[in-house]
Amino acid sequence: MQQTILLPSVVAASLLLLAACDAEDVTPQSSAASDFQKQLQTQLISAKPGDVITIPAGVHPINRGLSLNVSGVTLRGEGMDKSVLSFRGQIQGAEGLLVNASDFTIEDLAIEDTPGDGLKINEGENIVIRRVRTEWTNGPDETNGAYGIYPVQTRNVLLEECVAIAASDAGIYVGQSENVVVRNNRAEYNVAGIEIENTSNADVYGNTATNNTGGILVFNMPDLPVPGHSTRVFDNVVVGNNTDNFGAEGTPVASVPAGSGIVINSNDRVEIFDNEIADNDTANIIISSYYATGYQGTRELAADYDPYPETIYVYGNKLSGGGSSPDGLDLKALKVAKFGLTGSFPDVLWDGYVNPDKTTPDGALRPEFAICVDNGTAEVLNVDLGNGSKNIVVGDAQHQCQHEKLPAVVLPELL
């Protein structure tokens, strides 16, 4: 039997007044805030399948991480700009809210200013994350938490109509997961706006990524239990992602150049189509291998890890601007040398690394592994990093090809 749990309205009212105070006035917590936090954590711990825990409107200071380990629970606020869990004074816990459960829904609330990740959902299935806002209200800063919305090792995930702002790694991140739909979200001022990593069968569509370092990333990293493949990125707006990279040194996203629109790294069977991609100063689309990240030589790659991007299909996108002011001295020098002071990189920038076991006698990728760009006048700049950039090529004919299109991701229980 479903049980709806309402937090006391008197607490919400008192916390609305508390929201007008300075951060210094919030610590130590008032008795009302402390009571709210204790009751919420108790409800999360004692929840039963079918429960709906309701967060009332107001700014609710939380100073310790929250956790849920019961499946079949819904956590619901009154709106992402009305029901706010503020972790600005958090003194304990690695995340704001950590969920280890399945059949879980969270919607219509905000999680702000966590020292670590905002919302982490681990090892669950049938997850709905809807109209959740994660934000670091001080803006882009290396000291912000790494991930805003962070489902990892999950299956059957719907993430929609959310907002993620100012994460020092990825605003919206789905990792090591299967069967994922990320749609109609907004990501701004993160290092990576939206990142799909080591995940199979993902549809990313209807999103807006702007003012990030990189707009939408599809990565496949080593030393993780599962590889990533089969992602469709379509019908998104990926414009003006030129924020300086503020990721922590040594993290994978720290190597993403500012001005990156859509980035594919070491991932296979990726489609990029029907997007509006514009004014990303390094390149509107970047396709690269693990060897372009700056991590080669720092670890020994597992034998089953594929560091090369293969079977990539770019078509039907609306591309404009971009490539006029690439990030990093090497890329700036290359741009000037090849295209002049007032010139720009082509829309697609490829590092040129290929697996020699998958090439034709002339060194091109075999058709089934090719990087195909069937996108009007869009050209590919092959930087040829694997050969020390000795043979830089623009618009190579090997990219004039097509692949069989991927099927849509179907989540019948969630859509």
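Among contacts in the chain between residues at least 6 apart in sequence, 64% connect residues at least 24 apart, where contact denotes heavy atoms within 4.5 Å. The model is a predicted one, in which local features need pLDDT of at least 70 and side-chain atom pairs count only at pLDDT 80 or more, while totals for chains, interfaces and linings use all residues. Residues are numbered from 1 along each chain as its sequence is written, and side-chain values use heavy atoms, with hydrogens and water left out.

The chain comprises 4 helices and 32 strands; helices (H or I, at least four residues) and strands (E, at least two) are DSSP runs, numbered from the N terminus. The radius of gyration of the chain, 22 Å, is close to the 22 Å given by the globule rule for 415 residues, so the chain is as compact as a globular protein of that length. This radius is taken over C-alpha atoms, and the globule rule is 2.2 Å times the number of residues to the power 0.38. Along the principal axes, the C-alpha atoms fill a box of roughly 70 × 45 × 40 Å. Of the 415 residues, 58% count as buried, a class defined by under 20% relative accessible area, with exposed set at over 50% and partly exposed in between (1.4 Å probe, protein chains only).

Leaving aside neighbours within four places in sequence, Ile 106 is in contact with Leu 75, Leu 97, Leu 119, Val 128, Ile 129, Arg 130 and Val 132. The C-alpha atoms of Ile 106 and Arg 88 are separated by 21 Å, with the two residues 18 apart along the chain. Leu 109 also belongs to strand β8 and, at 1% relative accessibility, is likewise buried. With neighbours within four places in sequence left aside, the contacts of Leu 109 include Ile 55, Leu 75, Met 80, Ser 83 and Val 132. Between the C-alpha atoms of Leu 109 and Pro 225, which are 116 residues apart along the chain, the separation is 32 Å.

The loop between β8 (104-112) and β9 (117-122) holds Thr 114, which is buried at 3% relative accessibility. The side chain of Thr 114 reaches the backbone oxygen of Gly 116 at 2.8 Å. Beyond its neighbours within four places in sequence, Thr 114 is in contact with Phe 87, Gln 90, Gly 96, Trp 136 and Gly 145. In strand β9 lies Gly 118, buried at 0% relative accessibility. Residues up to four places away in sequence not being counted, Gly 118 touches Glu 95, Gly 96, Leu 97, Ile 111, Trp 136, Tyr 147 and Gly 148. The C-alpha atoms of Gly 118 and Gly 388 are separated by 41 Å, the residues being 270 apart along the chain.

Two asparagines have positive phi values. Asn 198, found in the loop between β17 (192-197) and β18 (200-205), has a phi of about 50 degrees although it is not a glycine. The relative accessible area of Asn 198 is 1%, and this residue is buried. Asn 211 is placed in the loop between β19 (208-210) and β20 (214-219), and its phi is near 65 degrees. With a relative accessible area of 24%, Asn 211 is partly exposed.

Glu 310 lies in strand β27 (residues 310-315) and is buried at 1% relative accessibility. Apart from neighbours within four places in sequence, Glu 310 is in contact with Asn 267, Asp 268, Arg 269, Asn 355, Lys 358 and Phe 369.

The largest pocket holds about 560 Å³ of space. A pocket is an open set of points on a 1 Å grid over the protein atoms alone where a 1.4 Å probe fits, with protein on both sides within 12 Å along at least five of seven lines; lining residues have an atom within 4 Å of a point. Grid points are joined across faces, edges and corners, and the volume is the space filled by probe spheres set on them. The lining of the largest pocket consists of 24 residues, of which Ser 255, Pro 257, Ala 292, Leu 331 and Leu 385 lie nearest the centre. Two or more lining residues come from each of β23 (260-265), β26 (283-288), α4 (329-339) and β29 (348-350). The lining divides into 13 nonpolar, 8 polar and 3 charged residues; Ala, Val, Leu, Ile, Met, Phe, Trp, Tyr, Cys and Pro count as nonpolar, Asp, Glu, Lys and Arg as charged, and the others, Gly among them, as polar.

Conventions: Polar contact = N/O pair within 3.5 Å; in protein donor to acceptor, adjacent residues only side chain to side chain.
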